[in-house]
Amino acid sequence: MTFDRKIKIAPSILSADFANFGAECEAIEAQGADWVHVDVMDGHFVPNITFGPATCAAIRPHIKGVMDVHLMIAPVDPYIEAFAKAGADVITAHVEAGPHVHRTLQAIRAAGAKAGIALNPGTPASTIEPLLDMIDLVCVMTVNPGFGGQKFIHSQIEKVEQLRALIGERPIHIEIDGGVDPTTAPLVAKAGADVLVAGSAVFKGGSVTNPNVYGDNIKAIRAAAQGVWA
Ligand code: DX5
Ligand code: ZN
């Protein structure tokens, strides 16, 4: 994985057809997705359950690019190795998931993956200050994690600006997760985000038999985000 700050669109397969993950991953990549975002939920840290490392390993051969695994689970440390073995390029854990986030980040890098840290809407940007040398990505939750299709929380834009200032020239991605669409994408791009996760806004109206819609949706988000620099 090489680092850059270009806008990257990361469709979340939380909004894909769960009976067709392999084909869905291939379809979104063929339609212009930069990363594939994989939402792991445990019914404990968040009030919803999705899937685990076995599913990640099963879809890995269907993804050519970056597999971006977002762990909404607690505890997280006992499962890091399994997600790394499943082929995750990026493993993101929540700072709210346990008392030892520094140890968690060490474990992610030791397992050979890029280390991401996710912040819930109620968690301040300054949380990452002591961790800047430990992270490759910070994920700003712009909804309360657990479900796709929720409304973007506008107060998080200021947090993105603060993170961008804290990060400076360090090679750390700023990822936005929740409620990203062509209306909200330019707001976060302008604030300094480079990875835009989008579930419902990418998958709506399309299917593996009608994948061009995914392409149109991805293009619309990318164009809106890039438009802020035009
Ligand atoms: C929320 C997940 C998100 C979610 C985004 O807990 O982490 O990745 O799928 O979905 P949309 O884009 O529909 O808000
Ligand atoms: Zn996510």
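1. At 18% relative accessibility, Arg222 counts as buried (buried means under 20% relative accessible area, exposed over 50%, partly exposed in between, with a 1.4 Å probe and protein chains only). Arg222 lies in helix α8; helices (H or I, at least four residues) and strands (E, at least two) are DSSP runs, numbered from the N terminus. Leaving aside its neighbours within four places in sequence, Arg222 is in contact with Ile7, Ile9, Gly32 and Asp34, where contact means heavy atoms within 4.5 Å.

2. Basis of the note: this is a predicted model, in which local features need pLDDT of at least 70 and side-chain atom pairs count only at pLDDT 80 or more, while totals for chains, interfaces and linings use all residues. Residues are numbered from 1 along each chain as its sequence is written, chains are lettered from A and ligands numbered from 1 in the order in which they are written, and side-chain values use heavy atoms, with hydrogens and water left out.

3. Two backbone oxygens are reached by the side chain of Arg222. A polar atom of this side chain lies 2.8 Å from the backbone oxygen of Gly32, and the side chain also reaches the backbone oxygen of Ile7 at 3.5 Å. A polar contact here is a pair of N or O atoms within 3.5 Å; within protein, one must be able to donate a hydrogen and the other to accept it, and residues adjacent in sequence count only if both atoms are side-chain atoms. Arg222 and Lys8 are 214 residues apart in sequence, but 7.8 Å apart in space, C-alpha to C-alpha.

4. Gly32 also deserves a look for its backbone: just after α1, this residue takes a positive phi of about 110°. As for α1 itself (residues 21-30), 7 of its 10 residues are buried, so the helix is largely enclosed by the rest of the structure. The buried ones are Phe21, Gly22, Glu24, Cys25, Ala27, Ile28 and Glu29. They pack against β1 (8-11), β2 (35-41), α2 (53-59), α7 (200-203) and α8 (212-226).

5. The zinc ion (ligand 2) is coordinated by His37 (NE2), Asp39 (OD), His70 (ND1) and Asp177 (OD), at 2.0 to 2.3 Å. Donors are N, O and S atoms within 2.8 Å of the metal (3.2 Å for Na, K and Ca); water is not among the atoms, so sites may look incomplete. Along the chain the donors of the zinc ion follow the spacing H-x1-D-x30-H-x106-D. Distant parts of the chain are linked here: His37 is in strand β2 and Asp177 in strand β7 (residues 173-177), 140 residues apart. Both His37 and Asp177 are buried.

6. For reference, ideal angles are 90 or 180 degrees for six octahedral donors.

7. Ligand 1 is surrounded by 20 residues, the closest being Asp39, Gly149, Asp177, Gly199 and Ser200 (a residue is near a molecule if one of its heavy atoms lies within 4 Å of it). Oxygen atoms of ligand 1 lie 2.4 Å from a side-chain N or O atom of Ser200, 2.8 Å from a backbone N or O atom of Gly179 and 3.3 Å from a side-chain N or O atom of His70. Taken alone ligand 1 exposes 380 Å², and the protein buries 99% of that; accessible areas come from the Shrake-Rupley method with a 1.4 Å probe, and for residues only the protein chains shown count as cover.

8. Two exposed residues may be noted. Lys85, found in helix α3 (residues 80-85), has a relative accessible area of 68%. Gly205, in the loop between α7 and α8, has one of 65%. Leaving aside neighbours within four places in sequence, Gly205 is in contact with Asn210 and Val213.

9. A cis peptide bond joins Ala74 and Pro75, with omega about 0°. Pro75 is found in the loop between β3 (66-72) and α3.
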